[in-house]
Amino acid sequence: MYRQRETNPYFLPPHVPPLEQHEPQHPPYSSQFPPVLPNAKDQTPQPHSPGDSYFPSPTMPVSTRHPQPQLHSGPRLPPPRHQPHSGSRPHSQHHRHSSGLVRVPTRRKTRPLAWLVAGFCALFWVMVIVAGLAILIIYLVFRPRNPKFDITSATLNTAYLDMGYLLNADITVLANFTNPNKKGRVDFHYAILDLYHGGHLLASSYIDPFSTMSHESRFQDVHLVSSQVRLPLENSQQLKKEVDNGRVKFEVKGLFRARSNLGSFLQYSYWLYSRCTIVVTSPPTGVLIGRRCVTKR
């Protein structure tokens, strides 16, 4: 291992003469300006000329600071660079980097209530999807359609006014209930027909429950009778005018409670609303000459 020889005269023992240091030749200094000794703060010592003495002048004060050791005559190494610390607390930052500890977040266990809610949500959506698929399959297999109501014929037996505003009328209609479905039976649990003229109720009739099979039409005779029904003066004059012209206009409204049976376990109920406009001739032998019926669910 190479050991550097001491060349600074301040640290040489008294019995060892100072070694001459080979320094690059520089022009001699003027006698007016004595050489300046190196300061402890300077990193690089100032070179001396060969004619100058190694011992300091008695008139110059000797620095009490620790002198820097003289570098050897070999290649000079650059002083280590100190990296500046950012922030007002360099020691805490150095401690932070030197520790090298990284906090790993710990896993939290899921609460049982969260699992329960998630399970209910998943079960609900599964039921919704299954129900939607079932409805789609049933629709594609059975192709359910709403029953239809129609008036095949109508007979106006009597229609006259007492005292000019009390109506007495007797009309018979043949109602037709049709099940257009290819599969399944339709049951009518509740059926009622109302007779109107000019928006005023004249008579009502109840129909007994019945059933219709697939592609079956069921006919029901419905007898509607009104007695001493008071009409406004304007409606009374309109009815008298229609009877004289031979075209009497009535409205028949129906309300039905039906149930479709598409299988042993597949049944559903719904309401049907029908509205028919009929035109008959003058009594006592008034017959049906025009009709228009609409059935909605």
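The legends below describe several close-up views of one predicted model.

Because the model is predicted, local features need pLDDT of at least 70 and side-chain atom pairs count only at pLDDT 80 or more, while totals for chains, interfaces and linings use all residues. Residues are numbered from 1 along each chain as its sequence is written, and side-chain values use heavy atoms, with hydrogens and water left out.

View 1. Helices (H or I, at least four residues) and strands (E, at least two) are DSSP runs, numbered from the N terminus. Leu113, Leu116, Val117 and Phe120 make a nonpolar surface patch of about 430 Å². A patch is made of residues with over 30% relative accessible area and no salt bridge, joined within 5 Å for nonpolar side chains (Val, Leu, Ile, Met, Phe, Trp, Tyr) and within 9 Å for like charges; the areas come from the Shrake-Rupley method with a 1.4 Å probe, and for residues only the protein chains shown count as cover. Valine 117, found in helix α2 (residues 112-142), has a relative accessible area of 46% and is therefore partly exposed, a term for values between buried (under 20%) and exposed (over 50%), with a 1.4 Å probe and protein chains only.

**View 2. A patch of positive charge on the surface.** Arg143, Arg145, Lys148 and Lys182 gather in this patch, where Lys and Arg count as positive, Asp and Glu as negative, and His and the chain ends are not counted. The place of each charge is taken as NZ of Lys, CZ of Arg, CG of Asp or CD of Glu. Lysine 148 belongs to strand β1 (residues 148-162) and, at 47% relative accessibility, counts as partly exposed.

View 3. Side chains of opposite charge can pair when their charged atoms come close. A salt bridge is a side-chain nitrogen of Lys or Arg within 4 Å of a carboxyl oxygen of Asp or Glu, and a search of the whole structure finds four of them. In one, aspartate 150 pairs with arginine 291, the closest N and O atoms being 3.3 Å apart. Aspartate 150 lies in strand β1 and arginine 291 in strand β9, so the pair ties together parts that are 141 residues apart in sequence.

View 4. Arginine 275 forms a salt bridge with glutamate 251, with 3.5 Å between the closest N and O atoms. This pair links distant parts of the chain, since arginine 275 is in strand β8 and glutamate 251 in strand β7 (residues 248-261), 24 residues apart. Salt bridges that share partners also join Arg185, Asp187 and Arg259 into one network. Within it, the closest N and O atoms of aspartate 187 and arginine 185 are 2.9 Å apart; aspartate 187 is buried, with a relative accessible area of 5%, whereas arginine 185 is partly exposed at 30%.

**View 5. Backbone details in two loops.** The peptide bond from proline 283 to proline 284 is cis, with omega near 10°, and proline 284 is placed in the loop between β8 (267-280) and β9 (286-296). Methionine 163, in the loop between β1 and β2 (166-179), has phi near 60°, a positive value in a residue other than glycine.
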